[in-house]
Amino acid sequence: PGARPPPALVHRCPSRGSRAVPLRVTRRSYVEPPEGRSCGSGETLSSALAPSGVMATGTDGGVPPARPLNAAMSTMPTTIFEVMARLAVKHQSVNLGQGFPDDEGPESMKVAAGSALLEFHNQYPPLLGLPELRKAVAAHSEREQGIPVDWESEVLITVGATEGIAACFMGLLNPGDEVVVFDPCYDSYAGMAKMAGAKIVPVRLRLPDLSVPADELASAFSERTKLVLVNTPHNPTGKVFTEQELSMVASLCEAYDAVCLCDEVYEHLVFPGAAHVSPRALPRMRCRSIRLGSAGKTFSFTAWKVGWVTGPAALLAPIVKAHQFLVFTIPSNLQRAVAMGLDSERQFYSGLGASLQRKRLLLEPKLRQLGFDTVATHGAYFIVADARRFLREAETDDEFAQRLTVEAGVTVIPVSGFYIGPDPPKHLVRFCYCKDDAKLHAACQRLEAYLHKLDTKQP
């Protein structure tokens, strides 16, 4: 209320040729949630924090269509990352929510990306990706995981791993197919499955150690199972799946003739003493597995959005078709820079695990001193913490995360927003530690100042 309306826009209506039609636009303002209302995830979040749209009210702007829009997309909530990021900006909090690192990757790759704009042409590169990057991805696969890949027929370059997930779901699934995933999971999986007309079958990782429940995993498979999605190291928890757990998955894939989609974007973010094992490296799994990789995670350049998909040519073919109609191709200068990085910057990505372990060891003991119980994991960017000691009566993780942002000045992510199955735990929050040391220290100082003022529950 009271805000100045934006200036009039000019809309060129297709039905009127190129004649300019004046259009006045009124943008609805954000709506703050009432006091006490949840502001963590789902419908409440999108309605409370997302702008409700733009309305055409001009003299000749026409009437908005009344027919229903896409049912899958229209009913999806605003992602929890976006919601908490907005709160963090609004309240100028220390943001330990979204998983991107403060430290960036090799300077040599930035120089290569910039130089490539001037040294090479800037027209459409090949559909599958530049040959030099596909060769580099194939070499990286064999060098790091012992998985040979034919760079000409078994490598696809994508707009980050998330576009790779979308292309895999579109290319491999039919309506009615079932996809087994481990719960909690990266929120993109459910949305992609819904768009493909497939059904997600969640298998909940068992707390407190996030182990895979063998009986529940076996029960999740059926003759309708087309795909099982394994994300290791795991988002949102940081769990590194053991070879024994992956072997269970492999056996079920063989028994039910299912494809294993291996989301391995955090493959180099594993602490010393632990080991990343690709399901595709297991016996008899190469012919029925697709791997996803990410330059954003491997080189700490998340804005570049360069990913890759590797797998047998027969499985990759329909994925390439989906990619063709989604985006077609990827900026060529970034492809060249990533190719150079995979070939020449192994020292950088092979050191990520130790670097991140140091940061976890900076944050985790302080969280435990404050009264959080933490889940022991061995990779990625995340600490999952039990906040029950600090929850008010009937308070959820959504509401606690909002309260920490507003009152303590520290933003975390409520873990319930990552669960697909019913009745998710409502006492877990996620801290992201791939941040500057100064930011981690500041967050701990703010948490200590805030939490020690509160009446806490007895353990």
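I began with contacts, meaning heavy atoms within 4.5 Å. Among contacts between residues at least 6 apart in sequence, 74% join residues at least 24 apart. The model is predicted, so I noted that local features need pLDDT of at least 70 and side-chain atom pairs pLDDT 80 or more, while totals for chains, interfaces and linings use all residues. Residues are numbered from 1 along each chain as its sequence is written, and side-chain values use heavy atoms, with hydrogens and water left out.

Next, the inventory. Of the 459 residues, 53% count as buried, which is under 20% relative accessible area with a 1.4 Å probe, protein chains only.

Then I went for the sheet. Seven strands form an open sheet in the order S6-S12-S11-S10-S9-S7-S8, with mixed pairing; strands pair if DSSP finds at least two bridges between them. S6 (155-158) and S8 (199-204) are at the edges with a single partner strand each, so one side of each has no neighbour in the sheet. On average, neighbouring strands are turned by 20° against each other, direction ignored.

Ile157 has Trp308 in S12 as its bridge partner. I also saw helix H5 (residues 131-145) packing on the sheet, where H5 touches S6, S11 (289-294) and S12.

Which strand is mostly covered? I got S9 (residues 225-231), with six of its seven residues buried. S9 runs parallel to S7 (residues 178-183), joined by four bridges, and Glu178 pairs with Thr225 of S9. S9 also pairs in the parallel sense with S10 (residues 259-263), over five bridges; there Val228 stands opposite Cys260.

Last, a helix pair. H14 (residues 352-370) and H16 (residues 437-451) pack at about 5°, with axes 11 Å apart; axes are lines fitted to C-alpha atoms, for helices over the stretch in contact, and angles run from 0 to 180 degrees between N-to-C directions. That makes H14 roughly parallel to H16, since angles under 35 degrees count that way. Residues making the contact include Leu362 and Leu363 of H14 and Leu440 and Cys444 of H16.

Definitions and conventions. Helix = DSSP H or I, 4+ residues; strand = E, 2+ residues; numbered from the N terminus. Parallel < 35°, antiparallel > 145°, perpendicular 65-115°, else oblique. Buried < 20%, exposed > 50% of the residue type's maximum accessible area, 1.4 Å probe, protein only.
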